[in-house]
Amino acid sequence: MTEKITRARTGEFMRKVFEILRRHPDGLAPPVVLKEVEASFALTDLERSPAYSQPFVMRFEEIVHLGTVAPSKAGWMKNDGGKWALSEAGLQALDQFLDPDDFMVEAGRRSGRGWLAVNFPRFYSKAAKTKDQVEIEYKLLRRVGLKQLLGKSFGGDDTDWQKVLPVQTPQRFVIPKLEASTLEELLVHLQSFDAKFEQGGHTLYLPPATLRLSAFSIVASDYPPNAGLKIVKTPGGIEDSGYVHSTARHISKLHKRLTYNHRHMSLVANLLYSKEVGPRLYDLVEFQGRNQLWTGYVVQHVEGREPTIEECRAGLEKLRQLEEEGTIKVTIPDGFDDEDFECPSCNKNAFVDANGRFHYIDFQNFLLVDYGSYLKQIALEAAEASHFGDESMLRGGRYLYQSVPGVNLHGKRDVKARVDVLRQMMGEAGASVEKRFVLDIGCNIGMMLAQYLALGARWCHGWDRPVVTPHTEQLLLALGCTRFSLTGGDITQSQPLDTDVPQFMRHALDGCVISYLAVRGHLGWLDALARIPWSFLIYEGHESDTREDFETFMEQLNALVGFHIAAVRDYRDGDSEPRTIAILMKD
């Protein structure tokens, strides 16, 4: 701190703390004590300003924490189970040393550390923080390992998956009436309508009811009714803001650098959901207010309760197993001994829903370990259930029908080449999937769904066989996709596409896009194509179809629904034979 902390003023603060604790013989958590000090003690403007060494902590809080050193070393205070409490000697000192300066002098006489903290507070604070910081960084080094730290903390080369994933492109919502440019202004907005929200160290969480009342309600109609919103406290967009904001706890500098950017953090959230230990992430979004960008996570709201000790331990055991398997690594220096993993509430991060499922709702304290191998395994499992190419072309039994981004496995269909052609054709036709609902008939393992999301689709829904869609879901999640839903079953000509899609997205059917790739030969033209108010249809024929066949199929579809061909060409990708592809604009 640049201004001197007087011993007498520190004594005034500490006597106030002692008076509060005398009324609570069982002790109080430090944040509760500080709140009561703030509410009942006359603070100066300087004392309410940010601390010099910790900008997100008020100066009076720093003074109090430093002021507890001497009384604690003197045996007047104790810290049991995360609570401050007074000893008998402390109660006696409160009554005996009424002058604040005398109070601190007497406390400081009883230990060397106490004497330094009372008489040289700035020196003691700096020395203590340096020592603590070294211990914290060393703990993290041992926990995570030098290899991970060198690769993640000091600018090591990104792996393939880090360069490619997540595939999905985030959405931006424009909210002209949102005038909040700072966290304080954002809090004023939420408090203006007596909103119920939770405030953590790094985010503000708006449950579904509050989300619908706030300026952020624009997102409510595009996600399930149980969607809540985590707003990152640090202003800025996805690419120029970080998740970590502030905390009263000691934070490892290495831990801050290990914390993923927003895009890669979505992969962690998806993995925890896939492993049935976390809620679903529906989207990573940006909000454009009048003068500021904000980043948010649209998440499944867990309507539930605090777990029992047994439920919590069982839930944390799943996380421990993931770490032991080498899938994730907890990046807090104390690991599973940290308060964020202390049962039963895990610092308000653990919940059990109505179905008895355990959810760990935070995802910033995890590092993905060997994620490339995890992704490859998910793709191989999908290969067993998905369509294969010619058996003679199988490469060691691992020949995917569709190539997978970030995975070095050959696929019969080259998804990137396929999409490059589609992008050119949509440009010619003046068509785009951006901000549109896309229906993918016969989606297979979902790689075209992923590409539509990469092109900015509003939401995607896919249909395929029930043996395929569970693998489709796992693979899409592993690729960082969130804005999708699936229907598993045998597709018939009378398939009710318009009622298969989620209720919350049915309003977006007007102007939607139909993806009809290489399935007409198996399904014919579905009846629902005449009912759904689609804007354009992406058609791809089968390998054996000729151009004459294409003309015949177009005549058949025209008898069902009016359209015109906006773009058409023949192309091939990967090991596929030439096919006809067309953009059909509905009249």
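A: Start with the overall count. A search of the whole structure finds 24 salt bridges. Keep in mind that this is a predicted model.

Q: What distance separates the closest N and O atoms of Lys16 and Glu19?
A: The test is a side-chain nitrogen of Lys or Arg within 4 Å of a carboxyl oxygen of Asp or Glu. For Lys16 and Glu19 the closest N and O atoms are 3.8 Å apart, and the pair forms a salt bridge.

Q: Where do Lys16 and Glu19 lie?
A: Both belong to helix H1, residues 7-22. They are three residues apart, about one turn of the helix.

Q: Is Lys16 buried or exposed?
A: Buried means under 20% relative accessible area. Lys16 has 18%, so it is buried. Glu19 has a relative accessible area of 30% and is partly exposed.

Q: Which parts does the salt bridge between Glu36 and Arg23 tie together?
A: Take the distance first. The side chains of Glu36 and Arg23 meet at 2.2 Å, N to O.

Q: How accessible are Glu36 and Arg23?
A: Glu36 is partly exposed, at 23% relative accessibility. Arg23 is exposed, with a relative accessible area of 52%.

Q: How many residues apart in sequence are the parts that Asp362 and Lys230 tie together?
A: Again, begin with the atoms. The side chains of Asp362 and Lys230 meet in a salt bridge at 2.7 Å, N to O. Asp362 is in the loop between strand E12 (358-360) and strand E13 (366-368), while Lys230 is in strand E6 (residues 227-232), so this pair links parts 132 residues apart in sequence. Asp362 and Lys230 are both buried.

Q: Which residues are linked in a network of salt bridges?
A: Arg9, Glu12 and Glu47 are linked in this way.

Q: What surrounds Lys230?
A: Look at accessibility, then polar partners, then contacts. Lys230 has a relative accessible area of 6%, so it is buried. Its side chain reaches the backbone oxygen of Ile361 at 3.3 Å. The side chain of Lys230 also makes a polar contact with the side chain of Asp362, at 2.7 Å. Leaving out residues up to four places away in sequence, Lys230 touches residues including Tyr205, Tyr243, Tyr297 and Phe363.

Q: Now the sheet. What is the strand order in the open sheet of seven strands?
A: The order is E18-E17-E16-E19-E20-E22-E21, with mixed pairing. Its edge strands are E18 (484-488) and E21 (563-571), each of which pairs on one side only. The twist averages 15 degrees from one strand to the next.

Q: How do strands E16 and E19 run, and how many bridges join them?
A: Pairing is read from bridges and direction. Strand E16 (residues 437-441) and strand E19 (residues 513-517) run parallel and are joined by three bridges. Leu439 stands opposite Ile514 in E19.

Q: Which helices pack on the sheet?
A: Check contacts, then angles. Helix H18 (residues 447-454) lies across E16, E17, E18, E19 and E20. Helix H18 runs at about 170 degrees to E17. Helix H19 (residues 469-478) packs on the sheet too, touching E17 and E18. The direction of H19 makes about 165 degrees with that of E18.

Notes:
Residues are numbered from 1 along each chain as its sequence is written. This is a predicted model: local features need pLDDT of at least 70, side-chain atom pairs count only at pLDDT 80 or more; totals for chains, interfaces and linings use all residues. Side-chain values use heavy atoms; hydrogens and water are left out. Helices (H or I, at least four residues) and strands (E, at least two) are DSSP runs, numbered from the N terminus. Buried means under 20% relative accessible area, exposed over 50%, partly exposed in between (1.4 Å probe, protein chains only). A polar contact is a pair of N or O atoms within 3.5 Å; within protein, one must be able to donate a hydrogen and the other to accept it, and residues adjacent in sequence count only if both atoms are side-chain atoms. Contact means heavy atoms within 4.5 Å. Two strands pair if DSSP finds at least two bridges between them. Axes are lines fitted to C-alpha atoms, for helices over the stretch in contact, and angles run from 0 to 180 degrees between N-to-C directions.
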